[in-house]
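Student: Could you walk me through a structure today? I'd like to ask things as they come up.

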Amino acid sequence: MRDEYDIENLNPRKNPYTNRLKKQITINIDKSTIDYFKGESEASGIPYQTLINLYLTDCAVNERKLHMSWE
């Protein structure tokens, strides 16, 4: 084992995941929506916050547009 390592030259590649870094935000979500995702979380074994992120990411990647009707 070496006494010292040159960390800067050890792996000169850029991190491929830097464009996927997450940012913590505060958002208000209805209790019923949270309960829905928590239920899905229990069924899938995936944390509910991850499920919400996956859903929103899918919407962004596929450029889904919001369609609402007030009936």
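Tutor: Let us begin with Asp 35, which forms a salt bridge with Lys 31, their closest N and O atoms being 2.8 Å apart. A salt bridge here is a side-chain nitrogen of Lys or Arg within 4 Å of a carboxyl oxygen of Asp or Glu. Keep in mind that this is a predicted model, where local features need pLDDT of at least 70, side-chain atom pairs count only at pLDDT 80 or more, and totals for chains, interfaces and linings use all residues. Residues are numbered from 1 along each chain as its sequence is written, and side-chain values use heavy atoms, with hydrogens and water left out.

Student: Where do Asp 35 and Lys 31 lie?

Tutor: Both are in helix H2, which covers residues 31-44, and they sit four residues apart, about one turn of the helix. Helices (H or I, at least four residues) and strands (E, at least two) are DSSP runs, numbered from the N terminus.

Student: And is Lys 31 buried or exposed?

Tutor: Lys 31 is exposed because its relative accessible area is 62%, whereas Asp 35, at 38%, counts as partly exposed. The terms work like this: buried means under 20% relative accessible area, exposed means over 50%, and partly exposed is in between, using a 1.4 Å probe and protein chains only.

Student: How many salt bridges does the rule give?

Tutor: The count comes to two. Asp 58 also forms one, with Arg 64, and there the closest N and O atoms are 2.9 Å apart. Asp 58 has 31% relative accessibility, so it counts as partly exposed.

Student: Okay, and which residues line the second largest pocket?

Tutor: That pocket is lined by Arg 20, Lys 22, Asn 53, Leu 54 and Thr 57, and its volume is about 160 Å³. Lys 22 is found in the loop between H1 and H2, and it is exposed because its relative accessible area is 67%.

Student: How far apart are the C-alpha atoms of Lys 22 and Ile 34?

Tutor: They are separated by 20 Å, although the two residues are twelve apart along the chain.

Student: One last thing: what is the phi of Glu 63?

Tutor: Glu 63 has a positive phi of about 50 degrees although it is not a glycine. Most residues other than glycine have a negative phi. Glu 63 is found in the segment after H3, and at 60% relative accessibility it counts as exposed.

How values were computed: On a 1 Å grid over the protein atoms alone, a cavity is a set of points where a 1.4 Å probe fits but cannot get out, and a pocket is an open set with protein on both sides within 12 Å along at least five of seven lines; lining residues have an atom within 4 Å of a point. Grid points are joined across faces, edges and corners, and a volume is the space filled by probe spheres set on the points.
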